[in-house]
Amino acid sequence: MPDVRLPKKLLGPSGWCQGCGHGVVVRLIAEVLDELGIEQNTVAVTDVACCSNAMAFGAGMGIDSVMAAHGRDIAVANGVKGARPDSIVYCYFGDGAAYSIGSAELVHAALRGDNITVVILNNTVYGMTGGQMAPTSLPGEKTSSSPYGKDGDKYGVLNLVDLIGNLNATYIARGEIYDVATTAKAKSYIKKAFQNQIDGKGFSIVEVLAPCPTNLHMTPLQCKKFMHEEATKYFPTGEFVDK
């Protein structure tokens, strides 16, 4: 899929930048849907940001896809689930959209315990819109809107578990895609989140730490190491709520 937002030399065949974590996470979702045998009954709701490229792969996976307005994925997913209650509905979007413009929908979906699955890719920066500081950007992290480094004392770092951990979510987990072992663990979290929806257990959310080499101005290997060694200090991995 062509992508006019970035120079072609940065882009791989998927339309995502070289070294981007989106391709890996979308692959994990595809594997889970296939293993659970639910791809023909699944509807994906994707954001308008970098996640939107996933729609091209949705057709290949045999699933229906809906694009939401920026950050409104959960609201749209609830609408789809209400209209098609027998469908498996999941959201796929980034930390910038989920934890800023989409934070109200996220909080109230967790509070209600809506029976949908949410997968959020956390790369600590706004990916599509120009690499601005996100709620998840680390203290001192340089972005296009914090060129001298994020003031951690003033802005803090938003953690998903702190935000909704005490609400009514059935499952909250965070994984990473640093190596084979951590990628397999992240996949297991995603699979459990989908199984929970199949079983009607309620709101399940998985955050995946993933590299964004273009906006963090690193090589892919440097960015993977940054996410593994630095981001995990603020975003530890594991299962935090499992009802």
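User: Which side chains meet in a salt bridge of 2.8 Å, N to O?

Analyst: A salt bridge is assigned where a side-chain nitrogen of Lys or Arg is within 4 Å of a carboxyl oxygen of Asp or Glu. In this predicted model, the pair is R112 and D114. D114 counts as buried, at 14% relative accessibility; buried means under 20% relative accessible area, exposed over 50%, and partly exposed in between (1.4 Å probe, protein chains only).

User: On what conventions do these values rest?

Analyst: The model is predicted, so local features need pLDDT of at least 70 and side-chain atom pairs count only at pLDDT 80 or more, whereas totals for chains, interfaces and linings use all residues. Residues are numbered from 1 along each chain as its sequence is written, and side-chain values use heavy atoms, with hydrogens and water left out.

User: Which residue forms a salt bridge with D242, and which parts does the pair tie together?

Analyst: Helices (H or I, at least four residues) and strands (E, at least two) are DSSP runs, numbered from the N terminus. D242 pairs with K192, their closest N and O atoms being 3.1 Å apart. Because D242 belongs to strand β7 (residues 238–242) and K192 to helix α8, the bridge ties together parts that are 50 residues apart in sequence. D242 is partly exposed at 46%, and K192 is partly exposed at 28%.

User: How is a pair within one helix to be read?

Analyst: An α-helix has 3.6 residues a turn, so residues three or four places apart point the same way. Here, E230 and K233 are 3 residues apart in helix α10 (residues 220–234), about one helical turn. They form a salt bridge with closest N and O atoms 3.1 Å apart.

User: Which residues of helix α3 are buried?

Analyst: In α3 (residues 73–83), they are D73, I74, A77, V80 and K81. Seen down the axis of α3, these fall within an arc of 120 degrees, so they line one face of the helix; the arc is that of the directions from the helix axis to the C-beta atoms. G82 and A83, on the other side, are exposed.

User: What covers the buried residues of α3?

Analyst: With contact taken as heavy atoms within 4.5 Å, the cover includes β1 (42–46), β3, α5 (103–112), β4 (117–122) and α8 (180–198).

User: Which residues are linked in a network of salt bridges?

Analyst: R27, E31, E35, K187 and K191 are linked in this way. The count for the model comes to 11 salt bridges.
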